[in-house]
Amino acid sequence: MSAKAISEQTGKEFLYKYICTSAAVQNRFRYATVAAETDWGRLTQEHPWLLTERLVVKPDQLIKRRGKLGLVGINLDLQGAQEWLKARLNKETTVGKAKGVLKNFLIEPFVPHTQEEEFYVCVYATREGDYVLFHHEGGVEVGDVDAKAQRLMVAVDEKLSEEQVTEQLLTHVPDGKKEVLANFIVGLFNLYEDLYFTYLEINPLVVTQNGVYILDMAAKIDATADYICKAKWGDVEFPPPFGREAYPEEAYIADLDAKSGASLKLTLLNPRGRIWTMVAGGGASVVYSDTICDLGGVDELANYGEYSGAPSEQQTYDYAKTILSLMTREKHLQGKVLIIGGSIANFTNVAATFKGIVRAIKDNQGPLKEHEVTIFVRRGGPNYQEGLRVMGEVGKTTGIPIHVFGTETHMTAIVGMALGHRPIPNQPPMDAHTANFLLNASNSAKTPATTRTASFSEPRTSNDVSPAKKSKAGLPAAKATTLFRKHTKAIVWGMQTRAVQGMLDFDYVCSRDEPSVAAMVYPFTGDHKQKFYWGHKEILIPVYKNMTDAMKKHPEVDVLISFASLRSAFDSTVEAMQYPQIHTIAIIAEGIPEAQTRRMIKMADEKGVTIIGPATVGGIKPGCFKIGNTGGMLDNILASKLYRPGSVAYVSRSGGMSNELNNIISRTTDGVYEGVAIGGDRYPGSTFMDHVLRYQDTPGIKMIVVLGEIGGTEEYKICQGISEGRITKPVVCWCIGTCATMFASEVQFGHAGACANQASETAVAKNQALRDAGAYVPKSFDELGDVIRTVYEELVANGTIVPAEEVPPPTVPMDYSWARELGLIRKPASFMTSICDERGQELIYAGMPITEVFKEEMGLGGVLGLLWFQRRLPRYACQFIEMCLMVTADHGPAVSGAHNTIVCARAGKDLISSLTSGLLTIGDRFGGALDAAAKQFSKAFDSGMLPMEFVNKMKKDGKLIMGIGHRVKSINNPDMRVQILKDFVKQHFPATQLLDYALDVEKITTSKKPNLILNVDGFIGVAFVDLLRTCGGFTRDEADEFVDIGALNGIFVLGRSMGFIGHYLDQKRLKQGLYRHPWDDISYVLPEHMSM
């Protein structure tokens, strides 16, 4: 959602901080906020003027016409203000149809003034520019300002001057105040633009001899501009409409949405309601709400919300668990229903998102059964069959009634089932499995012969886009009747390989001669080639770092499909419009600031470029071209017969609903000729009328379907076109959002533009106007398919449409990765791993989520236990591992490993090379004695050999006893590292049999020579064997296996790496030069004959 209302306090704070005007703005920052918990003593300390001035008190909760409702206390002292608040604070009141509690109030200084000093000013955004409204009589009785006020439109990219304001707005203002007002209004307009306001109203604006006073203010800002205005806005709080509480769950979902590339929305309407929804898609969510209200469920509808844009399994789980938690807090006498609905997804993996919902259902199965919740599911899209299967299975295993339906069932049919208006079929017919798109389907469906022939045999012309045509006076000029042809070529901006492969598969199944994607642009890599499939064979598509090279090398391209992010979409679109060869641009990104979108629209109009989007999935022309992910995967392309043209063209706002229209039209007519989703923003790049006029002028299109929605007035232009005879083809139209008029408080639906700002923008009003104009308008979305079928059959009956025999499309192999995801194939893995899994939302170590590792404070020893031994080791074992790492970390620069590291560092080598050179010296003679000592002592002990027998045998065999002996330390100069470890082991280990055995060996060896002590390597080796054998986590065989595979040497390697890195950093810090060994430290021993 873009335009969001802000509190009066926030709006005034922005104005006082950032307005630039020579007019003396009075009472800057002189306001105080009051709530139930306010400490009046502290408040008067912070705002001492409260004690000395007369005051005005009013609620700051987005309430309109507060003065007329008696919700403004005027000319009060502090005690009077407190008494006034006492009668209203935390009290319920009714404003229109909305009931709410008054919680937040604003206190400001009272400004004495006359009626003649009150004015009205308002600035608001439209598609063409920003309107400034001014009336010389402001205040409570201002009345219908739309009819009364002077009006000035400032076109996009134009500036407002004081002369314009004076001449066009201030005609009824006394001369003495014109200069001040003109300067203030220009400053206000500049503030409005700079801070990305979409609506700013001041009433009254008071101008006295002392200056300008902003008494009452209402404002909305474009929330999508947060990344631009963050420095000035700070952290803005957007209050809910009056009559609706702000729930922490809504804030939680809003936070999830902000951190995700997907779209997650939740609005609580009636937390005690029995009807709950979890709908995929912005358009579909509105349709489900409409249907629930149409069937009498408005008072029981608990929430509005949507999830879309391919959320991850974890995100869907978090969203679902929030809904399930909310709906199981209070019981309902009739039980509750949860509607998990959605249109046919274009690119979201339905099975993946359903896994998250299934997890949430399993986690909440107890409360769901206790509250008698029945679940109804309807969904389509990639891998939806698997998703529905999993959803059905969880119903059987948990005992929760879950009724599951796919694309064979009308999208909103489950609402009638859930509310008891239609029977629930026992076994609904299931459509073919996703994998079946490999096979040709020869059905009896027919397509219009003339249309198909025309589309499939269109000659390749030098100019692939037909010239713009002039329409009748009063109607907008159409740009190009034909946007896409059989030979249309596109450049894709962004590394969207999946979308590009989908386009190529569509091209292939449509029997195109060549791929529709000529090149890709991706600024973050150098020029290269990207591999794709064209049917069975592999092809290479060039990827360019900059757009100039791509355009220069591919002059045949006339379409740009932009997957640029919301932050870079504006710049990349503006750049694309500099190239005359581009005639159509599709902008997929959602959340582009409206001011930037309007600038793009203006530029596109000047250059004759058609923009589809922003916030769209794109569009499709069967048999010719598709934009990105439009139409979904190949199974849906084939099921909806999108590989060849039909006779019906449609235009929709919603991308998900456009795919639903593909499904409805394919089931009720001969199919789609062309379909476009213009996008859900308030100002789409092209409008309904732009495309309806194109369809009117396209001979192959015989009827038009429009899926409008609440908000805006574009549908009235269609009414005008029908009434004036410009549109003569049958138009079937339905505007979604009819439920909005039934809600007590304002609800912002999933699309940014889906909000009515006046009565004429409601869906109900627009549907009636379309009906009156002569369009075919169903009674509800439920009946849309029936009306389309009726109109189509009439056109067939009168000969306008002549159906043709179906021609099967060529087969396209399924991608390996998708086939594997569907479970259709299997392949032996190249690797096996059992210690770590990074694929989910959270990293997992040996089955333990990383958050749990930190929550349990397992430390480095605990992590090592998980990753090396796949066990959660006892606390003393983790401490012992950490102690071993500490005592083995370093032993000075003289040992071979440290020496090598130092020499390497001084030779200018990098950290990794220097560390590696040191590590390569580790072996039986340096540091690698842990494993060898553990093996030798274990073998002797396990065979029952006495310590003396062991020593004698090793001497007889001429072998060293690993772990015995030290160059410096001796029985008289003990190694404190060994002593520290020994004290810990003796205190904490359950048993130390092998250590005791090794210490007995030490007594024998040191009696012969005092430095033949059990050294640190030997101690760690034997103590670790005791640990593995006695901690209770390993069998004897497992413990021996870890010794055999070299796990113990890993302790030394890991510990000593810390020291080696320390030596490397030390040499670099000391800036030591290249090391050369001194001659006097080398004994040169040459053969005699060489030295003579």
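Mentor: Strand S21 (residues 490–493) pairs with strand S22 (residues 517–521) in the parallel sense, over four bridges. The model is predicted, with pLDDT of at least 70 needed for local features and 80 or more for side-chain atom pairs, while totals for chains, interfaces and linings use all residues. Numbering starts from 1 along each chain as its sequence is written, and side-chain values use heavy atoms, without hydrogens and water.

Trainee: What makes S21 and S22 a pair?

Mentor: Two strands pair if DSSP finds at least two bridges between them. S21 and S22 have four bridges, so they count as a pair. Ile-491 stands opposite Ala-519 in S22. Strands (E, at least two residues) and helices (H or I, at least four) are DSSP runs, numbered from the N terminus.

Trainee: In which order do the seven strands of the open sheet lie?

Mentor: The order is S23-S24-S22-S21-S25-S26-S27, with mixed pairing. Strand S23 (528–534) and strand S27 (610–612) are at the edges because each has a single partner strand, which leaves one side of each without a neighbour in the sheet. From one strand to the next, the twist averages 25°.

Trainee: Which part of the chain does UniProt list as "domain: CoA-binding"?

Mentor: The unreviewed UniProt entry lists residues 483–592; such positions are given in the numbering used here, feature names are shortened, and annotations may be inferred rather than shown by experiment. Over residues 483–592 the chain is 25% helix and 29% strand.

Trainee: How many residues line the second largest pocket, and which are closest to its centre?

Mentor: There are 32 lining residues, and Ile-964, Gly-965, His-966, Arg-967 and Asn-1015 are the closest to the centre. On a 1 Å grid over the protein atoms alone, a pocket is an open set of points where a 1.4 Å probe fits, with protein on both sides within 12 Å along at least five of seven lines, and lining residues have an atom within 4 Å of a point. Helix H33 gives the most to this lining, with three residues.

Trainee: What is the peptide bond from Asn-203 to Pro-204, cis or trans?

Mentor: That bond is cis, with omega near 0°, and Pro-204 lies in strand S11 (residues 197–208). The bond from Gly-613 to Pro-614 is cis too, with omega near 0°. Most peptide bonds are trans.

Terms used
Axes fitted to C-alpha atoms, helices over the stretch in contact; angles between N-to-C directions.
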